[in-house]
Amino acid sequence: MDLWAGSAKAGAEFSSKDEWRMALTDSSRSYGTVSRVLHWTMAALLFWQFGGMILKMVLGRVPLMAFWVGTHASVGALLLLVLMLRAGWAFTQKAQRPPYEAGLIGRAAMLGHYALYTLMFVIPFIALLRMAGSGKGVTLFGVQLQHPHGQEVEWMTAPGNALHGNLAWVLLALVAGHVLMVLLHRFLWRDDVLSRMAGTPA
């Protein structure tokens, strides 16, 4: 009797651990907790970045904007870090993630995601490269990582000067398109694409 009770308890603990592991990882039906946390963290960081830049254009250099824009480089570095974590996690989950739809819509979704990932890497990378080559030093989250040396390195600053702002608007357009497609899936085509990332589909 004690042996049976012990076996049942061990089985229940194993089942609980197995369910917990499955909740963390992706499946063919939905994204797991890790993917969802990384996705919505990046969404929040992008909202902060674009919100600050748009409000700066509307309101000008008011005190609130001085603080908001002052966080731009640090949040951009954090966004790059979270992106790399998300890309690494996605690679480990690639065999079991929800598949793209067949046909043109699925192919467009795949290309759109690749474009989003690429821009979310390139935009903060060239901005940080520009900061490192500006000669003004690098300070992120109040920590000085590079002291000012007063000498600009042109090959490091040129990509950011030429592309950072323009690519950011391209990224914003892609994000808007991404949101629009999610809404179309949800309210026009009546499928559960949103629930894959918002929670477990019914």
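In which helix does His39 lie? In this predicted model, His39 belongs to helix H2. The relative accessible area of His39 is 15%, so this residue counts as buried. Beyond its neighbours within four places in sequence, His39 is in contact with Arg86, His178 and Met197.

The protein contains 7 helices and 2 strands. Along the sequence these follow the order α-α-α-α-α-β-β-α-α. Of the 202 residues, 29% are buried. Contacts between residues at least 6 apart in sequence were also examined; 67% of them join residues at least 24 apart. The accessible surface comes to about 13100 Å². Carbon and sulfur atoms account for 70% of that surface.

Helix H2 was examined along its length. H2 has 27 residues. From its first C-alpha to its last, H2 reaches 38 Å, close to the 39 Å expected at 1.5 Å a residue. The buried residues of H2 include Ser35, Arg36, Leu38, His39, Met42 and Leu45. Leu46, Gln49, Phe50, Gly51 and Gly52 are also among them. This buried set packs against H3, H4, H5, H6 and helix H7 (193–198). Gly60 follows H2 and has a positive phi, near 80°.

The largest nonpolar core has 17 residues. Met42, Leu46, Met120 and Leu171 have the most contacts inside this core. At least two core residues come from each of helix H2 (33–59), helix H4 (72–92), helix H5 (104–133) and helix H6 (154–188). Leu46 illustrates the packing. Apart from neighbours within four places in sequence, Leu46 is in contact with Gly51, Leu79, Met120, Leu171 and Val175. A second core is separate and has 6 residues, among them Leu129, Ala132, Val138 and Leu140.

A nonpolar patch of about 890 Å² is made by Trp48, Ile54, Met57, Val58, Leu59, Val62, Leu64, Phe67 and Trp169. H2 and helix H3 (63–70) each supply at least two residues of this patch. The largest share, 5 residues, comes from H2. Trp48 is a patch residue placed in helix H2. Its relative accessible area is 30%, so Trp48 is classed as partly exposed.

Which residues does Ser74 touch, not counting those up to four places away in sequence? Ser74 is found in helix H4. Its relative accessible area is 8%, and therefore Ser74 is buried. With residues up to four places away set aside, Ser74 touches Thr139, Leu140 and Phe141. One of these partners, Leu140, is also a member of the second core.

Phe141 lies in the loop between strand S1 (138–140) and strand S2 (143–146). Is Phe141 buried or exposed? Phe141 counts as exposed because its relative accessibility is 55%, above the 50% cut-off. The backbone of Phe141 was also examined. Most residues other than glycine have a negative phi. Phe141 has a positive phi, near 55°, and is a residue other than glycine.

Definitions and conventions:
Residues are numbered from 1 along each chain as its sequence is written. This is a predicted model: local features need pLDDT of at least 70, side-chain atom pairs count only at pLDDT 80 or more; totals for chains, interfaces and linings use all residues. Side-chain values use heavy atoms; hydrogens and water are left out. A nonpolar core is a set of buried Ala, Val, Leu, Ile, Met, Phe, Trp, Tyr and Cys residues joined through side-chain atoms within 4.5 Å. Buried means under 20% relative accessible area, exposed over 50%, partly exposed in between (1.4 Å probe, protein chains only). Helices (H or I, at least four residues) and strands (E, at least two) are DSSP runs, numbered from the N terminus. Contact means heavy atoms within 4.5 Å. Patches are made of residues with over 30% relative accessible area and no salt bridge: like charges are joined within 9 Å, nonpolar side chains (Val, Leu, Ile, Met, Phe, Trp, Tyr) within 5 Å. Accessible areas come from the Shrake-Rupley method with a 1.4 Å probe; for residues, only the protein chains shown count as cover. A salt bridge is a side-chain nitrogen of Lys or Arg within 4 Å of a carboxyl oxygen of Asp or Glu. The expected span of a helix is 1.5 Å times one less than its number of residues.
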